[in-house]
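Good morning, and thank you for coming.

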Amino acid sequence: MSGTETRQSRSRGVGESVPRPDGTLKVTGEFAYSSDLYLAGMIWGVTLRSPHPSAWIRSIDVGPALAMPGVLAVLTHEDVPGEKFYGLEHRDQPVLAVDQVRYQGEPVALVAADHPERARRAAAAIVVEYEVREAVTDPRRAAFDPSCPTVHEHGNVLRHQPVRVGSHFEAPVVVTGEYEVGMQDQAFLGPESGLAVPAEDGGVDLYVATQWLHVDRDQIAPCLGLEPERVRLSLAGVGGAFGAREDLSMQVHACMLALRTGRPVKIVYGREESFFGHVHRHPARMRYEHGATSDGRLVYVKAEILLDGGAYCSSSPAVVGNAASLGVGPYEVDNVRIDAYGVYTNNPPCGAMRGFGAVQACYAYESQMDRLAEACGISPVEVRIRNAVSQGSTLATGQVIDTPAPLADMLRELAAMPLPETGDGGLLDMPGGVSQTTHGEGVRRGVGYGVGIKNICFSEGFDDYSTARVRVELLGGEPHVLVHTAAAEVGQGLVTLQEQIARTELGIDRVTVAQADTAVGSAGSSSASRQSYVTGGAVRAACEAVRERLAELRAGGASLVEALERAGAVEETREYRHRPTFPLDPVTGQGDSHTQLALCVHRAVVDVDTELGLVKVVELAAVQDVGKIMNRQALEGQIHGGSAQGLGLALMEEIQVTDGRVLNPSFTDYLIPTILDMPPMRVSILENPDPHAPYGLRGAGEPPTLSSTPAVAAAVRAATGLPLSRVPIRPHDIALNG
């Protein structure tokens with residue numbers, strides 16, 4: 001290998017803003033997403049869904065559908081070849097409804113036809129007789145009212161996680177609040193889709209957009225009555241995920257239809273079906289009480305956190321664990337009494353979404369810190385500094401922060417950033433832009449702050465690991481590296497990072513990352529901000545093993561090319577695990593439950609038209625500690641993107657559910673921030689390495705989503721003087737109360 005190539009590989013290694021290999025294709029529209037899949041002879045699958053949130057199924061007549069031309073199969077739960085239930089943590093969700101439906105949109109039957117429109121018409125022709133029953137839609141009633149019907153036989157409480165520390169719950173200053181977070185959707189642009197192909201061995205090959213190939217396989221195979229090795233998954237192009245692709249959607253359905261018909265089957269959800277076909281962020285109702293000294297130092301925190309998990313379990317128990325363990329935020333307090341609950345209802349199922357339980361708690365505890373600052377007569381920044389954790393602090397769960405946590409310094413840096421200037425008064429500077437109907441008479445400016453703490457990687461004793469296979473060989477006479485993992489690239493830039501690590505560790509510029517599939521060991525889920533940590537660690541470990549082998553081959557002074565000519569390919573596979581974690585005690589909530597913790601702080605500046613209830617976010621500023629910058633451009637994109645989702649939750653994003661029915665399953669009525677809603681951002685990235693993590697890195701994708709929401713909400717409160725204890729803040733919350 002030449003010195004020129006060595007220098008080039010280092011310039012495109014860890015720490016550099018290396019361009020994404022998929023970037024140009026995505027910008028030009030040439031990238032193949034899962035919805036673009038095509039195979040000669042393929043047919044189309046469609047799902048019939050329940051119109052009711054809660055009902056008994058008395059009969060299903062598939063005859064009218066089967067009689068239609070072009071229809072090749074119509075399946076119900078009776079046609080499920082294996083186990084009829086699946087699930088991430090508990091197998092409580094039916095492949096197809098058996099004797100009842102528990103939420104609006106639950107899958108009831110499947111159709112395969114030679115054209116998608118014929119499949120849709122056939123699905124509409126299926127006659128289902130329902131006996132509608134009372135829907136359980138109030139999570140408080142579901143959790144605490146003994147007379148409430150049970151959604152599942154084992155009761156409505158999925159998990160109750162207490163946290164108990166200390167016994168002193170009196171203080172000179174006490175502030176209380178009740179807070180609510182609406183149901184947010186991940187709102188990815190690429191709908192659920194995939195292609196199932198029957199195989200000669202009686203198995204099936206599935207090409208699908210997902211976040212977790214191996215756990216998908218381990219849920220699909222039992223439902224098909226097949227051994228796991230006969231269910232082979234390959235990652236298709238993913239058009240965003242944000243947690244919603246952790247659960248199964250169309251995977252089992254497409255495979256069932258393919259095996260029944262002997263034909264490749266493609267399923268692509270429409271936008272409305274997508275809203276029913278995946279989990280959402282848990283809506284939350286929270287009661288908090290903070291006690292402090294007169295100078296704002298926390299004495300105690302009491303909290304009740306109620307998370308609506310909807311009809312099925314999904315990942316709700318883990319979400320509850322996060323909300324409980326991080327429920328007081330990154331603050332030192334000696335006395336804590338938290339009760340976090342996840343409950344079943346007949347509302348849409350909820351599961352993973354960026355921030356995963358910590359988002360909901362963060363909005364509540366940060367709102368409380370603002371109330372505490374006001375009660376004590378000190379600034380919102382100062383009250384946070386006085387209570388900030390640092391390295392060596394003990395969390396409410398008893399876990400000691402043993403890595404850098406410079407929260408107070410981060411807050412000081414944020415507060416010192418210049419504030420944006422006031423606009424010139426033109427309509428484009430006003431809330432509402434050119435659609436503004438006043439000329440700024442009621443516009444007020446506000447500034448707010450938010451702080452968030454997020455766990456990185458899976459917690460509470462989960463066997464969290466990743467596998468990487470690295471191969472070095474000569475291609476065209478030049479050294480080439482092939483990296484193979486099952487880690488899902490969902491838009492975060494993981495493919496780029498794997499290339500960077502290989503170049504850094506092996507000094508070879510030519511690197512290819514193979515398509516992620518189940519032909520290699522599990523890489524776990526692309527969630528919990530964990531892939532850079534665990535898959536990065538696995539790729540690094542495999543590269544180190546390859547490097548050692550290459551060093552042996554070159555011991556006599558041979559060049560790399562000569563060594564590879566003699567030995568052929570050099571390949572090593574390695575697993576990487578982070579340090580162990582432990583479950584929270586079910587009574588006290590104590591335990592070292594988290595691998596790593598990450599901090600982000602936000603400042604928001606808003607202009608609010610107090611007469612119309614319109615809000616314009618003028619600027620967001622953020623300070624985040626990432627341990628080690630692996631790719632600055634990708635990292636900045638994560639901070640901007642996470643901030644955008646937090647802004648959306650603060651001001652506009654909510655799935656409207658009434659009596660268990662979704663009222664706005666479209667991007668016409670479910671609003672997400674556009675480029676016109678996103679303000680300029682000031683971003684400061686700190687590097688305080690975590691000695692336990694590969695390269696000292698700290699997962700970075702989720703923390704901005706936590707702190708941006710309370711910062712925006714606090715700024716709106718500052719501008720209006722209103723308490724505003726619910727997000728998203730709606731125009732009538734401001735205009736009718738101002």
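The side chains of glutamate 619 and arginine 682 form a salt bridge, with 2.8 Å from N to O. Please keep in mind that this is a predicted model. Glutamate 619 belongs to strand β24 and arginine 682 to strand β27, so this pair ties together parts that are 63 residues apart in sequence. Are these two residues buried or exposed? Glutamate 619 has a relative accessible area of 6%, and because buried means under 20%, glutamate 619 is buried. Arginine 682, at 30% relative accessibility, is partly exposed.

Let us turn to the strands themselves. Strand β24, residues 614–625, pairs with β27 in the parallel sense over six bridges. Within this region, leucine 620 stands opposite methionine 681 of β27. Which sheet do the two strands belong to? They are part of an open sheet of four strands, ordered β18-β23-β24-β27, with mixed pairing. Strands β18 and β27 stand at the edges with a single partner strand each, so one side of each has no neighbour in the sheet. From one strand to the next, the twist averages 15°. Helix α16, residues 632–651, lies across β23, β24 and β27, and runs at about 125° to β27.

I close with a second salt bridge, one of 49 in the structure. Here the side chains of arginine 726 and glutamate 180 meet at 3.7 Å, N to O. This pair links distant parts of the chain, 546 residues apart: arginine 726 is in strand β28 and glutamate 180 in strand β10. Arginine 726 is buried, at 14% relative accessibility, whereas glutamate 180, at 31%, is partly exposed.

Key:
Residues are numbered from 1 along each chain as its sequence is written. This is a predicted model: local features need pLDDT of at least 70, side-chain atom pairs count only at pLDDT 80 or more; totals for chains, interfaces and linings use all residues. Side-chain values use heavy atoms; hydrogens and water are left out. Two strands pair if DSSP finds at least two bridges between them. Axes are lines fitted to C-alpha atoms, for helices over the stretch in contact, and angles run from 0 to 180 degrees between N-to-C directions. Contact means heavy atoms within 4.5 Å. A salt bridge is a side-chain nitrogen of Lys or Arg within 4 Å of a carboxyl oxygen of Asp or Glu. Buried means under 20% relative accessible area, exposed over 50%, partly exposed in between (1.4 Å probe, protein chains only).
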